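Colleague: I have a model open on my screen and could use a guided tour of one part of it. Could you look over it with me?

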Amino acid sequence: MKKEHKMIIDLSKEGRVAYALPQNDVPTKEWGSYLPEEFQRKTVPRLPEVYEVDVVRHYTNLSNKNYGVDTGFYPLGSCTMKYNPKINEDMASLDGLAKVHPYQQESTVQGSLELLYDLGEKLSEITGMAAFSLQPAAGAHGELAGLMMIKKYHEGRKDSKRRKIIVPDSSHGTNPATATAVGYDLVEIKSDNMGGVNLEALRAELDDETAGLMLTNPSTLGLFERNISKITQMVHDAGGLVYYDGANLNAIMGKTRPGDMGFDIIHLNLHKTFTTPHGGGGPGAGPVGVTKTLEPYLPYPTVQNKNGSYGFDYDRPQSIGRIMAFHGQFGVLARAYTYILSMGSDGLKQVSEAAVLNANYLQSKLKEHFHLPIDTLCKHEFVLSGTSQLSEYRTLDMAKRMLDYGIHPPTVYFPLIIDEAMMIEPTETESLETLDQFVDIMVKIKEEGEGNPALLHNAPISTPVRRLDEAKAARKPVVKW
Amino acid sequence: MNRYIPLTKEDQTHMLKQIGVDGIDDLFSDIPDDLKLNRKLNLPDGISEHEVRRKMTDISKKNKNLDDFISFLGAGAYDHYIPSVVSHVAGRSEFYTSYTPYQPEISQGTLQYIFEFQSMMSELTGMDVINASMYDGATATAEAAIMAMRSNNRNKIIVAATIHPATLAVLKTYCHFREIDLVVLPEKQGRVDNEQLSCIDGDTSAVIVQSPNFYGLIEDVSTIEKTTHDNKALLIMNVDPISLGVLKSPGEYKADIVAGEGQGLGIPLSFGGPYLGFIGTTNKLMRKMPGRICGLTEDIEGKPGYVLTLQAREQHIRREKATSNICSNQSLCALRAVVYLSTMGQKGLKEVALQSLSKAHYAKEQLLATGVMKEVHQGPFFKEFVLESTLDAAMIEEALLKKRIIGPLRIEKLLENQKNRLLFAVTEKRTKDEIDQMVNVIREVSK
């Protein structure tokens, strides 16, 4: 579908409608008598006037300009773009789950409450934590709740000196941004030459001003932190708490648990590990789990089970407070719950085994052709340099060329500590044939780049639009019609 | 074997050989032995799709849903009609299985609908710019407060007492940890007390007012706006987009920032989420706004196309200096809103607003006529209103439920000192017959 695409407003024609409402059947006065003139809208919003077929065709054609997991391979590192089972969608839209108001009496929502309670229990078992709050709307929101709990914990102990959050330089951008969002000072420490936490650098920063450490494990380099127990111990000895960014949980389910490693808080990204769709940017869900000690600090309300009768618990005096208007992204939680039921104990372990097998296989095939800065066993993902300093094309050009081959490129230029980084996460839902095909395409593009770099500079050529002028968009923003 | 994992035994053998290890366990040799979970996770075994469906259906049947019950519950989540096209479009997996549109060449579908969302919401709210969406109305409001504080470097936020209690709670949480002073502007008879506007001063970063407010009443925003701007503070308005079919828009009130909940625009109630927070502002403050923004540009051939823009505000570029830590939007919910607004158009939206308005007024009159309910507040309201029951509110709730009616919100569940006060919400979906049924049950209870 390469044709130009109008905006829906351009299809407007006065007099067309796409809606049909029932007749207003209550005795009604002139509406001005309900609403004094001063409160009435004077301007007319410019919204489309179209009929139903226009709406359906317009958005169907737009969808054809999109690429999703259902379209093809999506090896986007750290994003865990795995297949989203269709049954998840069906279950979340069951009338009994989708047509329920958040303020209904508890006796009329026992199903929803049971689902929330049981999902919390299951996530606790998978991660080795004592309790979960399912309220956070996204991973970054889970981080926010987590750091608020760290702050509240220190406040509770009247330890006001602790203003410092430590993060490794390989962390996701949300970690430092979250530290700022709760009013902490940020300290970034350099990784060691194997991509792990540099223990000396960590030791040098730990003191009585340390509120906590945020760590992603396996790291964004796809590496399991070999000193993990030592790290949690060091931070605890300094009086700080340790936060586990669970973005990469897909690598370790059924194999090891953050709770057993000594972590105090963890957030999960249900849209990664637990197959809820990424939705073009959201909604996701970022449940946050804690140890027994920190349980009182969880956002309120939590869900209780009193002999099989479920209810909300608002009476939580030490809680950080409420972080969303209602009960979190329930529809997303229902999808993740469906997935956990489908997979079960053995299934989740198989997921991690296959995800790690796929990643190591791809790594071993690709390192024959590309520079792998850290050549060791990986977990769910690995990072290679797409190009060398001698190349006449850059990693970005490789990524754009992949679009012409009909695959989504890996994450590029992240983590920041690897030059020309290409971060590749195949996930467990891809077949050997798909992985081999990906290797062939990578090698072919490299050859193209060496023979005719202009081909890569000009890519993509077969997509609905070609490279877009991002500088222009930012210089003179056009953000509405 | 597993239906979502394609590797056969043969594949695995081949792959392990390529890697140069003997077995899967070798791939986990980097996990220290003392941390290995040497047991099964204590979860039930996996089950077939049929069994999953049965179990989930059983759970869902333990809920009472609004197809089987008539609802008068609102308070920030509303039972407006959702046209069929909405779910059909949002159900296209090219949309829902895609990631954030960081590769714009293959994400024009997502980017264009976000641009259309921003456009429609800008038109509705009368603001220059609306972002690609936020988690929900409450967090969007809290982010608006932080945005204001970052814009004018003042540290006091004043919030109307008549804002939704859950929004206030979220604001309190965000402000506490950010060390922002949050001052509550008192109410009088359900609306902001104009006598108390003197608390707005030169230290005030922003004033937050919700209209229609939590009680459904329309606030005297013009007066609040004047005092706010006289003190060079910013006006943040929290609004229900459905109400903007008939009510004066934040742009018309000269608001600086708008935030709110867009659930009414085609998003299922779904026990409270996922919903659709939105935030918007003026051109002047655009670069202080959190979250994603989509912009129009052109490709190297001069063809129009869309990209995420002004990313220098965001966490993946600015890290600890970002305007917010948010790194997602409620894209699919924004898609639902775009399809809803395309379907309704300006006329349909106005009709939804007017029917809700007139049905709510009819319901209030009928309820007052029973003699069981007393008026609590004076003044114009939109689709919600508060009445005080002369009978025990919990008893009324139970009596309604027996007649398959989900009654109004007992406000005391959210606010203290509001015993027996009920918040009724009436949308365009309610018929005269349904309203009369509800009124009759209440009349019968009193006998």
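What distance separates the centres of domain 1 and domain 2 of chain A, taken over C-alpha atoms?

Modeller: The domain centres in chain A are 43 Å apart, taken over C-alpha atoms. Domain 1 there covers 8-59 and domain 2 covers 87-343, with bounds that come from an automatic or database domain assignment.

Some ground rules before we go on. This is a predicted model, with pLDDT of at least 70 needed for local features and 80 or more for side-chain atom pairs to count, while totals for chains, interfaces and linings use all residues. Residues are numbered from 1 along each chain as its sequence is written, and chains are lettered from A and ligands numbered from 1 in the order in which they are written.

Now chain B. Its C-alpha trace spans about 80 × 55 × 50 Å along the principal axes. There are 12 helices and 17 strands in chain B; these are DSSP runs numbered from the N terminus, with helices being H or I over at least four residues and strands being E over at least two. Of its 447 residues, 61% count as buried. Buried here means 20 or more other C-beta atoms within 10 Å of a residue's own; 12 or fewer is exposed, anything in between is partly exposed, and C-beta atoms are placed from the backbone.

Across the boundary, 27 residues of domain 1 of chain B are in contact with 22 residues of domain 2 of chain B, where contact means C-beta atoms, placed from the backbone, within 7 Å. On the domain 1 side, helix 10 (331-369) and strand 14 of chain B each supply at least two residues, and helix 10 of chain B gives the most, with 7 residues. By class, that side has 17 nonpolar, 6 polar and 4 charged residues. In this count Ala, Val, Leu, Ile, Met, Phe, Trp, Tyr, Cys and Pro are nonpolar, Asp, Glu, Lys and Arg are charged, and the others, Gly among them, are polar.

Strand 14 (residues 384-389) of chain B also leads us to strand 17 (residues 421-425) of chain B: the two run antiparallel and are joined by 5 bridges. Two strands pair if DSSP finds at least two bridges between them. Within this pair, E384(B) has A425(B) as its bridge partner. Strand 16 (residues 409-410) of chain B is also antiparallel to strand 17 of chain B, with 2 bridges, and R410(B) has L422(B) as bridge partner. Strand 17 of chain B is well covered, with 5 of its 5 residues buried. Check both faces: R421(B), L423(B) and A425(B) are buried on one side, and L422(B) and F424(B) on the other.

Next, the open sheet of chain B. It has 7 strands in the order 2-10-9-8-7-3-4, with mixed pairing. Strand 2 (129-130) and strand 4 (181-185) of chain B stand at the edges with a single partner strand each, so one side of each has no neighbour in the sheet. Further in, strand 7 (residues 204-210) and strand 8 (residues 234-239) of chain B run parallel, joined by 5 bridges; there, I208(B) is the bridge partner of I236(B).

Find S205(B) in strand 7 of chain B. S205(B) counts as buried because 24 other C-beta atoms lie within 10 Å. Leaving out residues up to four places away in sequence, S205(B) touches several residues, including A148(B), N152(B), I157(B) and L234(B).

Helix 6 (residues 137-152) of chain B lies across strand 3 (156-160), strand 7, strand 8, strand 9 (257-261) and strand 10 (277-281) of chain B, and runs at about 165° to strand 9 of chain B. Angles run from 0 to 180 degrees between N-to-C directions, with axes as lines fitted to C-alpha atoms, for helices over the stretch in contact. I257(B) touches, among others, A144(B), A148(B) and I236(B), again not counting residues up to four places away.

Technical notes
Two residues are in contact if their C-beta atoms, placed from the backbone, lie within 7 Å.
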